[in-house]
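Subject: Structure for you to look at

Hello,

Here is the structure I said I would pass on. Please open it next to this email and follow along.

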Amino acid sequence: MKPKKESQLIEFWLQLRKNKLAVVALVLLVLLVLVAILAPVLAPYPYAEMHPEDSYAPSSSKYLLGSDKLGRDVLSRLLWGARQSLEMGIISVAIAAVVGIFLGALAGYYGGWKDNLIMRFLDVYESMPMMLLCITLAAILGPSLRNAIIAIGVGSVPGYARLTRATILTVREKEYIEAARAINSSDAIIIVKHVIPNCMAPLIVDITMNVGNCILAGAGLSYIGLGVQAPVPEWGAMISEARNILRDHFSLSLYPGICVMISVLACNLLGDGLRDALDPRLKN
Amino acid sequence: MPVLLEARDLKKYFKTGGGMLHAVDGISFTLERGKTLGVVGESGCGKSTLGRVLLHLLELTSGEIIFDGADATNPDKQELHALRERMQVIFQDPFSSLNPRMSVSEAIMEPFKRRGGMTKADMLSETRILMETVGIAARFENSYPHELDGGRRQRIGIARALALKPDFIVCDEPVSALDVSIQAQIINLMLDLQEERGLTYMFVTHDLSVVKYISDDIMVMYLGQMVEKAPANELFRDPKHPYSKALLSAIPVPNRKNRKKRILLTGEITSPVNPKPGCRFMARCPNASEECNRPQELVECTPEHFVACCKYDTL
Amino acid sequence: MGDVLLSIKNLSIEYHTDKAVVYAVNNISLDVRHGETIGLVGETGAGKTTIAKSILRVLPTPPAVVKSGEIFFDGDDLLKTSEHGMKKIRGNKIAMIFQDPMTALNPIERVGSQIAEAIKQHNKISRAEAERRACDMLEMVGIPGGRFSEYPHQFSGGMKQRVVIAMALACKPELLLADEPTTALDVTIQAQVLEMMHDLKERLGTSVVMITHDLGVVADLCDSVAVVYAGEIVEQASADDMFESPSHPYTIGLFGSLPQLDSTERRLKPIKGLMPDPTNLPAGCRFCERCPRAAGECAQAAPEMRETAPGHFVKCFYPGGEE
């Protein structure tokens, strides 16, 4: 059975490979993850190490991308910052996806009053702007990386619930669901083995793209001081720190800004590529 | 032959925006073990719903089902599980009846897994035997449905239905989506399996030439009701109900010589929502008159030949 | 039967995909005369629809590649006609109807105006005149003109297919390509549509290429038949000849596979095996592997089309009726 599964993967990879941008994006994301993991090894200095004598040093062989007000190496802080940003992006999406898919699956599979209850609740939930919700939650829970992740995750639930529900409504009509019931499969088995695997394609695309959005949201929260707390580096927080000196030391905002942009862009491009790679196989 | 399945006045109504949709409306029949009952009718006549109601895939509105001498109308969970091992289903669309993420062997093995009590090795060997029975080469064991043609997919559907050794199989348009040469292969396979295993079929289809071939008895449905039921040859030789007559004459015959005159029906099937009490075929019937406004009784015009038309003997 | 209207000569079409080349149509030649209805019969994937789409030049390229051949319509090679020229032909001189009437109509436009639009595209006439003609067309296919301004969803499946046919015939085309026009319909509705097509054929004298897998429909409607197998025409004859004395083993097999209403046998005679993989066609006769008559030479060389009786063409080394 195993070799066949692999061949499905290979086929998927062949499809994805046709989209050059998606491949570039994938490489970028892999690099980003490596950077985040290897930050302690790659970074020339510890992220919080201050060199007061080198305040606002320009880029040089000592500080490749210069240093900030406290003389901390910008490159090291960017490398370490990748950790917080990716953490925020990935974990919050994971929270949102698990809760959202669960709720959407319940609503879509059972329909009726359960569907109504869940979806109306989400309607109310969605009537609040996501960022406001995140700010409120982060304010209540207190500013920290963990709470920012929770806030962003909780804020992104409705999107997944809706998408899952819509996809399930089409899968639910398929005859293999009836066939499964005819051989005494329980609802849990049907949802887990038949429904969800066949709903994954649009969800995977959405999850990939959403990682980018959540990185952005995380940077936003950190920018307004509700995310990662000093001295831990985070791209959004770094932009925020540099905002008062934007005119004199533009690069201090530019570099973290570029990092955010590249990671978000990579997620979106990969998502696009995945959509193309996953779709044609489902059609035939 | 002993009776395996008996249906008494089965009704299945769906609530819709416009009122009650009478999908199945008062169907009764008995089916002997080892026989095939063909159910024919056009789309929307309730023939698929009838099959699903018998299998408890849809809840019955009213009526009684007696399976192998025991009441099977409202089984509890345990009874339902036992019942479903004995009643199975083969679906029409070999493209939507298989989970695209499951390989051939996984799909066929699934019934064993759900029943439990078998080792993995046993399940696999049983699966291979089933694959051989339905004529799928072992090399397709790890293939996925999208890699296979319609005929092979339908064979997988049959293997999956056979896995739990059922007595009764509802075949819901099993060959409608297949090409003629493949269709013939599948029909022969189903006939072979019936002989070997003493299976009882309910064969639901809109294709009249196929149904004649495989059925012992044929039931013609129109808008949720049985309008005629007779032994297959008898129905084709001497249809009594005006709808059956039109239906049979409408089959395009692959023959240039003895072409029959078609009875052309005007209009199309009317809505099954809140139907009037009279004959439901009245609106399209060439012979309709005042007395057709009364509800039509099913009468046995000749032995085993039932028809629900008050004017059958005057035409 | 008049002169030749459409003449396909040695047409070959391939689909180039990432993994392989699909040989969809292989060296097909076919003539359609004025007023003739010809049936293209074959199974799924035999290449019937590809042929029809190539006549209208609506094949997606890529992946489709016309390798060779000519399609003469009224003396002009359609394959060499400019896209601008084709626009004048499509829908005007050649029309096509598809299998699924549900997707062929625009759901948010009134049925009548869709037909009028089709007429206006090819005729310099006023809106009112186009609508009047559209109304006539609807009545011709048996739909009361009063339903002119209804939307497609208000029509049943059979009526939608009539609308599609009315739209195709609106510009009085010389050739109608009908791709499984009754397959999606119920039998009694199919009977209505077939009856209507009979009637229209006689009144308008349109030539029809009828693509179908249903030999019953062919027997009903067609004057001549071409049996398509694995991208080739394996047998071609007048409908009477074809049903009287099919000669290619595949054609014979097709007839054998059909459940006969008047037969009392309890077993069908299917053709064993499957159609060959169109990416990897056998060197010899395409039907060789499934053929009960196959001999050594069948696997070696592909047979040529031969005339076994006047007007009856067969691509087989051992043609003839069933022994």
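A salt bridge here is a side-chain nitrogen of Lys or Arg within 4 Å of a carboxyl oxygen of Asp or Glu. B:R262 and C:D220 make one, with their closest N and O atoms 2.6 Å apart. Across the interface of chain B and chain C the rule finds 2 salt bridges.

Before the rest, some conventions. This is a predicted model, in which local features need pLDDT of at least 70 and side-chain atom pairs count only at pLDDT 80 or more, while totals for chains, interfaces and linings use all residues. Residues are numbered from 1 along each chain as its sequence is written, chains are lettered from A and ligands numbered from 1 in the order in which they are written, and side-chain values use heavy atoms, with hydrogens and water left out.

The interface of chain B and chain C

In this interface, 42 residues of chain B are in contact (heavy atoms within 4.5 Å) with 46 residues of chain C. The two chains bury about 3,900 Å² between them, 51% of it on carbon and sulfur atoms. Buried area is the accessible area (1.4 Å probe) that two parts lose on being put together, summed over both.

There are 13 residue pairs in polar contact between chain B and chain C, both residues being at pLDDT 80 or more. A polar contact is a pair of N or O atoms within 3.5 Å; within protein, one must be able to donate a hydrogen and the other to accept it, and residues adjacent in sequence count only if both atoms are side-chain atoms.

On the side of chain B that touches chain C, the elements giving two or more residues are helix 6 (180-197), helix 7 (208-214) and helix 9 (242-250) of chain B. Helices (H or I, at least four residues) and strands (E, at least two) are DSSP runs, numbered from the N terminus. Helix 6 of chain B gives the largest share, 12 residues.

Strands in chain B

Strand 1 (residues 3-16) of chain B runs antiparallel to strand 2 (residues 19-32) of chain B, and 11 bridges join them. Two strands pair if DSSP finds at least two bridges between them. A hairpin through 2 residues connects strand 1 to strand 2 of chain B, and B:L5 stands opposite B:L31 in strand 2 of chain B. Strand 1 of chain B also pairs with strand 4 (residues 62-67) of chain B, in the antiparallel sense over 5 bridges. There, B:K11 stands opposite B:S62.

Confidence

The model scores ipTM 0.81 and pTM 0.81. Chain C has a mean pLDDT (the predictor's confidence in each residue, from 0 to 100) of 85.

Regards
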